[in-house]
Each structure stands twice: as structure tokens, then as C-alpha cells.
Amino acid sequence: MPNPYEIDIEQVIRSRFPKAPRLLMRLIKRLIHQDFLNGFFRQGFTGIEFCHEALKYLNIRIQVEGTIPQGGPYTFVSNHPLGGIDGLALLDLIGSDGRDVKLLGNDFLAAIKGLAPMIVPISKVGMQSRSLKSNIDQAFGSDVNMLVCPAGKVSRKTDGVIQDQKWAKTFLQKSIETRRDIVPMHFIGENSRRFYRIGRMEKYFHLRFPLGMLFLPDEMYRAQGSTYRVVIGRPIPYQTFDSSKSLNDWAQDIRKTVYEL
């Protein structure tokens, strides 16, 4: 009987793309290091313990500058340079003292049983369903701290600099509606050169499928033993974001604040 915590990427992909070729499935299993991942998943960790133990499994060290503010709930916003380790590290950091936190993240993450309780899923491939939008509204309306990477995808190399694309304003709109102060966080790290070459290829060929996403588990596998730094800024009161600017402009201002930390 299979371990319920293990992941079968073929099953996950076929639920979205039923006609995906078997050869492609075998290649993807190797690319994402499914056996290596399941070696951790089968241990049955869930929630914050999952994040903490995953970092230990990968031998990742995080250096922190600043402190997580008391009170809340807050909306924690960060750049998204790595696509896996950064999310695990930030969830672990925010939730390390027992506070509840959820990540607004790719719905594929919800297929990971140990991580699923901490994910508010959004669709990155295909249409966004009404139920997912309802989940987002409920999460922001709750007492749970929210972690958001507003770029919506992993940082790419733009103008010779590894940085997020333009930030979406949804996190700010929902935070104002629910009276949440914003806590900026800067995660300092980068993926391999290969990953950014794939990003350029996506852009050049106007690929609709996020090809780079398939390589993120391999990037995480390659990062074993690495050290990263996180800088935590001071909370920004939600009242700051008044009508003097559009929400979109305010969102880009927060993005700038994050990179200046």
C-alpha cells in the first residue's frame, strides 16, 4: 500500500493534462527527483514541522536580519528568487513561534500532503476557479497571517539583474479590505544560470506553459548545503495606502521597499 504522504507526479499532472505522454512522465519524475522528495515526504511531517524538517533534510541554513513583529494578523510580502526553498524558509520563520501562517501559492503545492494545510491555492496553469477566489477571500478575512509573493512567479534575469517581475496588486487590495499591515521581507538568493536561460527561452518563444517551473525541484536539489539571508522590514500600516496613488503604484512601491532592505 503506497504511503499517503508520498507524491506521484504523474497522477498530479494527468489530473490537469490527461493526454500527457508516458515518456514525458518518466522524464519529469527524474527531473523533479521524485524518489529523493518522497524520501522526505514519507516521514509524515505536516505544517510548520514539514517546513522546518525540509530545510534540515536539504541542509539549508538561513541567516535572519530583523524580527517578526508581534500582533497581527499581517500580510508578509517577499520577493521570490528560488521557487521552493524561499517559501519553506519564510513559512518556517513566520510560524516558528506558533503563530498561524498560510502561503498564497501554486495549486500544485496543495498536492504535497504535508504542505497542503499551509497553502491557499491559486491556479498558475489554466483558469482560476471561483472556489479558489473564495478561498483567498476567506484566508484574508481570517486571523491567519498570510505570506504572499506578489510577482506570482519566480524571479527572472531582467536587464542583467535577477529580480521579480511587476507585482500584482491583489495582496494589497485584500490587506486594505481586511485591515492588515504589510510586513516586507527580502529573501537574498538566486537559482542556477541554466534556470535563467530557460526563462529567456520562455520569453523568446512566447511559451504559454511555465517550463521553468518543472526545473524548480532540481534547483532545490542542487541547492543542498547552501546558506541564504532574509531581511525583515518594519510593518507598514495599511492606512498608508491612500488614494494619492493607485493600488498598482503602491504595490510597486512596496516591491521597491523589499529590494532596498
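Which residues in helix 4 meet which residues in helix 5? Hi everyone, let me start there. Keep in mind that this is a predicted model.

On the helix 4 side we have Ile48, Phe50, Cys51, His52, Ala54 and Leu55, and they meet Ile85, Leu88, Ala89, Leu91, Asp92 and Gly95 of helix 5. Sorted by class, that contact is made of nine nonpolar residues, two polar ones and one charged one. As for the geometry, helix 4 covers residues 47-57 and helix 5 covers residues 85-95, and their axes come within 9 Å while crossing at roughly 125 degrees. An angle from 65 to 115 degrees would count as roughly perpendicular and one over 145 as roughly antiparallel, and the two helices are therefore oblique to each other. The crossing of helix 4 past helix 5 is left-handed.

Helix 7, residues 170-177, packs against helix 11, residues 247-260, with the axes 9 Å apart and an angle of about 105 degrees. That makes helix 7 roughly perpendicular to helix 11. Here Phe171, Leu172, Gln173 and Ile176 come from helix 7, and they meet Leu247, Trp250, Ala251 and Ile254 from helix 11. The class count for this contact is seven nonpolar residues, one polar and no charged.

You'll find Arg14 in helix 1, which spans residues 9-14. Is Arg14 buried, partly exposed or exposed? Its relative accessibility is 23%, so Arg14 counts as partly exposed. The side chain of Arg14 reaches the backbone oxygen of Pro18 at 3.0 Å. Leaving aside residues up to four places away in sequence, Arg14 touches Lys19, Ala20, Pro21, Arg22 and Met25. Met25 is 11 residues along the chain from Arg14, and their C-alpha atoms are separated by 9.2 Å.

Ser78 is my next stop, and this residue lies in strand 2. How much relative accessible area does Ser78 have? The value is 0%, so Ser78 is buried. With residues up to four places away in sequence set aside, Ser78 touches Leu90, Val148, Cys149, Pro150, Asp164, Trp167, Met185 and Phe187. There is also a polar contact between the side chains of Ser78 and Asn79, at 3.3 Å.

Which peptide bond is cis, with omega near 10 degrees? That is the bond from Gly72 to Pro73. Pro73 sits in the loop that links strand 1, residues 61-65, with strand 2, residues 75-78.

Then there are two residues with positive phi. Asn59 has phi near 55 degrees, a positive value in a residue other than glycine. Asn59 belongs to the loop between helix 4 and strand 1, and with 45% relative accessibility it counts as partly exposed. Asp159 is not a glycine either, and its phi is positive at about 55 degrees. The loop that holds Asp159 runs between strand 6, residues 156-158, and strand 7, residues 161-163. At 76% relative accessibility, Asp159 counts as exposed.

Technical notes
Residues are numbered from 1 along each chain as its sequence is written. This is a predicted model: local features need pLDDT of at least 70, side-chain atom pairs count only at pLDDT 80 or more; totals for chains, interfaces and linings use all residues. Side-chain values use heavy atoms; hydrogens and water are left out. Axes are lines fitted to C-alpha atoms, for helices over the stretch in contact, and angles run from 0 to 180 degrees between N-to-C directions. Helices (H or I, at least four residues) and strands (E, at least two) are DSSP runs, numbered from the N terminus. Angles under 35 degrees count as roughly parallel, over 145 as roughly antiparallel, 65 to 115 as roughly perpendicular and the rest as oblique. A crossing is left-handed if the near helix is turned anticlockwise from the far one by less than a right angle, and right-handed if clockwise. Contact means heavy atoms within 4.5 Å. Ala, Val, Leu, Ile, Met, Phe, Trp, Tyr, Cys and Pro count as nonpolar, Asp, Glu, Lys and Arg as charged, and the others, Gly among them, as polar. Buried means under 20% relative accessible area, exposed over 50%, partly exposed in between (1.4 Å probe, protein chains only). A polar contact is a pair of N or O atoms within 3.5 Å; within protein, one must be able to donate a hydrogen and the other to accept it, and residues adjacent in sequence count only if both atoms are side-chain atoms.
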